[in-house]
Amino acid sequence: MSPLTSLSALDALAKADGIEVKRQEALLKTGALQNAILTSENFSIIATDEKGIIQLFNVGAERMLGYMAAEVVNKINPSDIHDPQEVMARAQALSLELATTITPGFEALAFKASRGIEDIYELTYICKDGSRFPAIVSITALRDDFGTIIGYLLIGTDNSVRKQVEVALKESMAVAEKANLAKSDFLSSMSHELRTPLSAILGFAQLIESGMPEPTPSQKRSVDQILQAGWYLLDLINEILDLALIESGKLSLSLEPVSLAEVMHECETMIESQAEKRGIAVSFPVLGSPVFVNVDRTRLKQVLINLLSNAIKYNTERGKVTIKCADLAPGRVRICVEDTGEGLAREKIEQLFQPFNRLGQGASTEQGTGIGLVMTKRLVELMGGAIGVESAVGKGSVFWIELNVTTGQEFSPELLNLALGPAVHEPADPQTCTVLYVEDNPANLMLVEDLIARRADFRLLSARDGISGIAIARASLPDFVLMDINLPGISGITAMKILSEDPLTRDIPVVALSANAMPRDIEKGLQAGFFRYLTKPIKITEFMETLDLMFKLAKAKTDRLTAKGVTP
């Protein structure tokens, strides 16, 4: 053998020795890691055979459960150290989840793992001394080279500390919630208590203002101050009450498809006067296609009016307010209210949605409660939306809300047939005057019910939307109809026109009762064909006078029919 060949052989042997040394070191390291895992006191490691009998019970399992390995290996399975009621409940739950029968016992613990499904469960371990603790256990099936299950590995950790923290957190949250509810109940109670004397103050002040003889100029100035302060205080009470209702979870919303264009038009009418007084130009968008949002109609108007009112109030002289609508991701629309006011610094933006924080405006001549934006944010979120603001000092602000888009309200063919098909007439009592009130707001309906209840010569029927109102009008032929304008589905104006075009109902007077109280709204309503146009809040004297008039008309009609020998 040549010297070169011998040298090459020696090099090969040296390399082989080096590889073997590294392999041995790796094996030693792996062995050390495995031993460290098996002897860890922080985890219970339990290995079983394919039937679930324990084959390995590490130091951590001994420490946690109090058993020595010799007491459990080849003797019991892991389900024997679990709470039996919880194991039974797990078996029942898995049977429902996987649509197969799973028996209580080790099968309930290992079933998912045996099917290759990752499984981490939380059950109670029972120690040798009978004590118990919650544990989180991860179970894995162990397989040989052919994929056959040869056992199961359960790795558990003591979950007691986490559970204690969760319990303490729940208790703290319960205490905080109880305190919050108590505060909200107090605010609600106080708001109602304040409203009662305030109603008397405002009522008698109005009587003095309109009484005879007329008040002197000095007295009128005093009455004006009482009324101005009284209405402002009433607004504050209403906002506090709304906020208290939201925080106590008692504010009920009626979410329904609402036409964004209709609400925009109503808001434009409502803020028109305020904008004109301050010389602010307000621009509303023209929507290219109908957009319906899933909201509470009244609360959406409240939100938009608040944003618009603020944009007008805190604008610059001869400023502008621009409303824009933009489609976002499918199913969402953003409404922006942009002003040309002074704008807000970042630190003020962070304080915007804090109750009673007017951002330093408390000393200004502008009246405000500091609750409006808080209410706006809560209402938008309750309707499934979001709110935000972008602002730059000296340039103005943009407040935006995002809402869920939906389709317009559809009525079933059966309901449409009921409303527009052949009518079944119910004979009326000639001694009473029947009035049908079409109104979707429960509070407004309740008020009219209370007022009608004072009149023994009136009978009240009610409907919650225009289609139902038409159906009831055709069936009952009331002496007159009170019609809200803003109704779900078809508007009050549309319902009135359908009644006026039907030979069966065209002679029934329809009186509008609406919160759209601007002169232009009243003129538009009378031109559309309403017999009278009453506004909300209801002026009781005017309302009762209308009842008297309608009763006289109904009586005269009955007398005419009787004279002709026709049964009313």
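Predicted model: local features only at pLDDT ≥ 70, side-chain atom pairs only at ≥ 80, totals over all residues.
Visitor: Among contacts between residues at least 6 apart in sequence, what percentage join residues at least 24 apart?
Guide: The accessible surface of the chain is about 31,800 Å², with 58% of that belonging to carbon and sulfur atoms. For the contacts asked about, the share joining residues at least 24 apart is 63%.

Visitor: At roughly what angle do the axes of helix 4 and helix 5 cross, and with which hand?
Guide: Helix 4 covers residues 84-98 and helix 5 covers residues 106-114; their axes come within 8 Å. The crossing angle is roughly 40°. The hand of the crossing is left-handed.

Visitor: Which strands stand at the edges of the open sheet of five strands?
Guide: The strand order is 2-1-5-4-3, with antiparallel pairing. Two strands have a single partner each, so one side of each lacks a neighbour in the sheet. These edge strands are strand 2 (54-57) and strand 3 (119-126).

Visitor: What is the bridge partner of V137 in strand 5?
Guide: Strand 4 (residues 132-143) and strand 5 (residues 149-158) run antiparallel and are joined by nine bridges. In strand 5, V137 has as its bridge partner G156.

Visitor: At about what angle does helix 5 run to strand 4?
Guide: Helix 5 lies across strand 1 (44-49), strand 3, strand 4 and strand 5. Relative to strand 4, helix 5 runs at about 45°.

Visitor: Is N74 buried or exposed?
Guide: N74 sits in the loop between helix 3 (69-72) and helix 4. Its phi is near 65°, a positive value in a residue other than glycine. Most residues other than glycine have a negative phi. Because its relative accessibility is 54% and the cut-off is over 50%, N74 counts as exposed.

Visitor: Where is R318, and what is its phi?
Guide: R318 lies in the loop between helix 9 (297-313) and strand 9 (320-327). R318 counts as exposed, at 64% relative accessibility. Although R318 is not a glycine, its phi is positive, at about 55°.

Visitor: Which residue in the turn between strand 9 and strand 10 has a positive phi?
Guide: Strand 9 and strand 10 run antiparallel and are joined by seven bridges, with T322 opposite E338 in strand 10. The two strands form a hairpin with four residues between them. The turn residue with a positive phi, about 90°, is G331.

Visitor: How many of the eight residues of strand 10 are buried?
Guide: Strand 10 also pairs with strand 12 (residues 396-406), in the antiparallel sense over seven bridges. There C336 has W400 as its bridge partner in strand 12. Strand 10 (residues 332-339) is largely enclosed by the rest of the structure, because the number of its eight residues that are buried is seven.

Terms used. Residues numbered from 1 in each chain as written. Heavy atoms only, no water. Contact = heavy atoms within 4.5 Å. Areas by Shrake-Rupley, 256 points an atom, 1.4 Å probe, with all protein chains shown as cover. Axes fitted to C-alpha atoms, helices over the stretch in contact; angles between N-to-C directions. Left-handed = near helix turned anticlockwise from the far one by under 90°. Pairing = 2+ DSSP bridges. Buried < 20%, exposed > 50% of the residue type's maximum accessible area, 1.4 Å probe, protein only.
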